[in-house]
Amino acid sequence: MRKLLAGAMALMATAACTMSASPANAADAPYDVLVFSKTAGFRHDAIPAGIQTIRDLGAANNFTVTATEDAGAFTTGNLAQYETVVFLNTTGDVLNATQQSAFEAYIRGGGGFAGVHAAADTEYDWPFYGQLVGAYFHSHPAIQQVTSRVEDRAHASTAHLPQAWTRTDELYNYRTNPRADAHVLATLDESTYSGGNMGADHPIAWCKTVEGGRSWYTGFGHTQASYAEQSFRSHLLGGIRYAAGRAKADCRPETGYTALYNGGTTGWSQSGPGSFTNTDATLTSVGGMGLYWYSAKQFTSYSLKADWRLTGDSNSGIFVGFPNPGADPWVAVNQGYEVQIDATDAADRTTGAIYGFKSADLAARDAALNPPGEWNTYELLVEGQRIRVYLNGRLVNDFTNTDPARNLDGYIGLQNHGSADTAAFRNVRIKELTGQPPATNVALNKPATASSVENASYPAANAVDASTTTRWSSAFSDPQWIRVDLGATYTVSRVRLLWEAAYGSAYQIQTSLDGSTWTTARSVTGADGGTDDHTGLSQQARYVRINGTTRGTPWGYSLFTFEVYGN
């Protein structure tokens with residue numbers, strides 16, 4: 001997408017901008033941004049200031065900016081030049097049907113969208129846009145000061161902010177709450193201003209993935225003064241970087257977690273030398289080698305999330321599944337497992353590795369990793385003796401303990417590695433998955449049907465027979481589906497797919513109680529074959545269907561394994 005010569009000329013042309021803009025922590029690969037500010041309704045007088053701000057940010061952060069109000073820019077060929085498109089205070093119906101189709105194809109092809117303020121007051125009758133922006137505008141009170149509660153302090157658009165961000169702006173209410181389908185970055189505290197109508201959960205900024213593309217939205221940005229605020233400018237920059245694919249983040253919806261650390265250290269203990277400082281709801285390692293462990297409780301099956309950042313070529317890790325270490329952190333080393341944080345070590349002891357036991361998928365890890373100085377997010381999903389490691393939302397390791405001397409049940413802890421290493425942690429939170437028997441594969445040898453088969457050798461039943469040598473294969477067209485009748489209603493928590501070489505690039509996991517009315521439990525885009533392991537589901541279902549909408553190859557859809565786990 002990038003034209004280097006044009007980008008260099010644009011950078012020189014914008015170098016004399018008067019407002020400074022702080023560069024990102026590490027130099028991004030050059031990229032191009034389209035800023036679209038067409039209005040068919042209310043016109044914000046902050047649009048010129050917004051355009052200039054984005055130009056300033058581009059000059060300081062290695063991206064070029066094309067600003068337009070011409071909807072004719074929305075063609076397949078023209079959009080292909082840009083890594084992301086910013087809808088800057090657009091209003092009303094701004095694109096015709098042909099332009100909408102081009103923009104949908106751009107997003108589905110991996111493009112980015114960044115919506116600012118009145119982007120939510122745009123294209124109410126275009127369902128794809130409603131999904132992309134996350135929520136539509138409902139109303140707003142008068143401009144006033146508010147305290148925003150920052151939930152995610154790892155995302156590039158909010159990592160620089162305090163937990164309580166006080167500012168003045170026009171504050172939108174939304175027709176729906178986007179939390180179910182988006183990752184909320186910040187909310188409005190309605191007790192700190194007048195005119196909110198969404199209650200205790202009032203999202204104001206969020207991110208999500210949409211059919212192969214990335215979406216980021218902020219409800220701030222109504223006033224001209226906003227664009228002179230350094231904190232808001234950095235907020236905007238981080239959103240653009242995420243939408244352009246330059247900053248990685250876990251933008252999956254997140255609910256049901258309990259904070260183990262988010263500023264308070266109750267329940268935590270230091271084992272061995274060194275320590276962690278606790279400032280601005282951030283733990284920062286000092287000396288070592290020691291272990292800061294959550295001593296209040298042991299855990300069995302759970303999802304543990306933690307935001308972390310390294311300074312330079314530092315070393316740290318998160319330990320799981322160890323007994324009470326007392327004063328000896330080597331207990332965790334010798335009897336637990338460490339998920340490593342150190343991107344420059346050997347393969348079995350680098351970021352994403354189960355230290356000394358199993359390397360991360362290095363290609364997946366490298367594609368998901370933010371560099372030193374920027375925040376990353378781990379999810380460690382522990383179910384029985386299996387641990388899966390997600391880095392910024394992407395699966396990078398899948399390991400099963402078979403050592404009788406070790407057990408994934410136990411305590412969790414953070415490593416302070418040594419005086420030469422500085423690691424920081426934020427928002428350590430957990431969702432326990434216990435309280436019911438372990439989920440089993442309830443699709444095994446159950447009746448399966450499909451929209452088509454390539455030929456009689458590849459029936460749907462092959463996908464649910466637990467064999468990795470037999471497979472279902474469809475006709476060579478889109479869409480296609482395969483479904484399984486579980487025979488009874490289950491709470492479905494996980495779907496695991498093992499693809500043959502012909503795989504689904506975009507598909508939906510759908511559930512039904514009666515086999516006729518279907519609910520989409522998860523939409524998948526940008527898949528690349530192999531194993532797709534979808535956890536964190538919670539649907540009541542008798543029937544589960546994989547509805548393929550985009551093939552990853554010219555052939556059909558081909559599954560060795562279609563597993564459904566539930567209770």
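**Labels and the values behind them**

Tutor: Start with Asn445, found in the loop between β25 (440-441) and β26 (448-450). Keep in mind that this is a predicted model.

Student: Why is Asn445 called exposed?

Tutor: Exposed requires over 50% relative accessible area. Asn445 has 56%, so Asn445 is exposed.

Student: What is the phi of Asn445?

Tutor: It is near 60 degrees, a positive value in a residue other than glycine. Most residues other than glycine have a negative phi.

Student: Where does Glu123 lie?

Tutor: Glu123 is in the loop between β4 (112-116) and α5 (127-133). Its phi is also positive, about 50 degrees, and Glu123 is not a glycine.

Student: Does Glu123 count as buried or exposed, and why?

Tutor: Buried means under 20% relative accessible area. Glu123 has 2%, so Glu123 counts as buried.

Student: What makes the peptide bond from Gly288 to Met289 cis?

Tutor: Its omega is near 10 degrees. Met289 lies in the loop between β15 (282-286) and β16. A cis peptide bond also joins Asp478 and Pro479, with omega about -10 degrees. Pro479 sits in the loop between β27 (472-473) and β28 (480-499). Most peptide bonds are trans.

Student: Which residues of β16 are buried on each side?

Tutor: Gly290, Tyr292 and Tyr294 are buried on one side, and Leu291 and Trp293 on the other. In total, 5 of the 5 residues of β16 (residues 290-294) are buried.

Student: How do you know that β16 pairs with β13?

Tutor: Pairing needs at least two bridges. β13 (residues 268-271) and β16 have 4, in the antiparallel sense. Gln270 stands opposite Tyr292 there.

Student: How many bridges link β16 and β23?

Tutor: There are 4, again antiparallel, with β23 covering residues 411-416. The bridge partner of Tyr292 in β23 is Leu414.

Student: Why is the link of Cys207 and Cys251 called a disulfide?

Tutor: A disulfide is a covalent bond between the sulfur atoms of two cysteines. The cut-off is 2.5 Å between those atoms. In Cys207 and Cys251 the sulfur atoms are 2.0 Å apart, and the pair forms a disulfide. The partners come from distant parts of the chain, 44 residues apart: Cys207 in β10 (residues 203-210), Cys251 in the loop between α6 (230-243) and β12 (258-261). The angle about the S-S bond is -100 degrees, and the link is left-handed. Both cysteines are buried. A search of the whole structure finds 1 disulfide.

Student: What makes α6 largely enclosed?

Tutor: 12 of its 14 residues are buried, so α6 is largely enclosed by the rest of the structure. Among them are Phe232, Arg233, His235 and Tyr242. Just after α6, Gly245 takes a positive phi of about 80 degrees.

Student: How do you know that the length of helix α2 agrees with its residue count?

Tutor: At 1.5 Å a residue, the 15 residues of α2 (residues 47-61) should span 21 Å. The end C-alpha atoms are 21 Å apart, which agrees. The buried residues of α2 include Ile47, Ile51, Ile54 and Leu57. Asn62 follows α2 with a positive phi, near 75 degrees.

Student: Why are Trp126 and Tyr129 called a stacked pair?

Tutor: Ring centres must lie within 6.5 Å, and the planes under 30 degrees apart. For Trp126 and Tyr129 the values are 5.7 Å and 25 degrees, and the pair is stacked. Both residues are buried. They belong to one aromatic cluster, whose members include Phe36, Phe74 and Phe128.

Student: What makes Arg494 sit over the ring of Tyr565?

Tutor: The distance limit is 6 Å from the ring centre, with a limit of 35 degrees from the ring normal. The charged end of Arg494 is 4.2 Å from the centre and sits over the ring. Arg545 lies over the face of Trp518, at 4.2 Å from the ring centre.

Student: How do you know that the radius of gyration of the protein agrees with that of a compact globule?

Tutor: With 567 residues, a compact globule would have a radius of gyration near 24 Å. The protein has 24 Å, which agrees. Of its 567 residues, 55% count as buried. The protein has 8 helices and 33 strands.

Key: Residues are numbered from 1 along each chain as its sequence is written. This is a predicted model: local features need pLDDT of at least 70, side-chain atom pairs count only at pLDDT 80 or more; totals for chains, interfaces and linings use all residues. Side-chain values use heavy atoms; hydrogens and water are left out. Helices (H or I, at least four residues) and strands (E, at least two) are DSSP runs, numbered from the N terminus. The expected span of a helix is 1.5 Å times one less than its number of residues. Buried means under 20% relative accessible area, exposed over 50%, partly exposed in between (1.4 Å probe, protein chains only). Rings of Phe, Tyr and Trp (its six-membered ring) pair if their centres lie within 6.5 Å; planes under 30 degrees apart count as stacked, over 60 as edge-to-face and the rest as tilted. The radius of gyration is taken over C-alpha atoms; the globule rule is 2.2 Å times the number of residues to the power 0.38.
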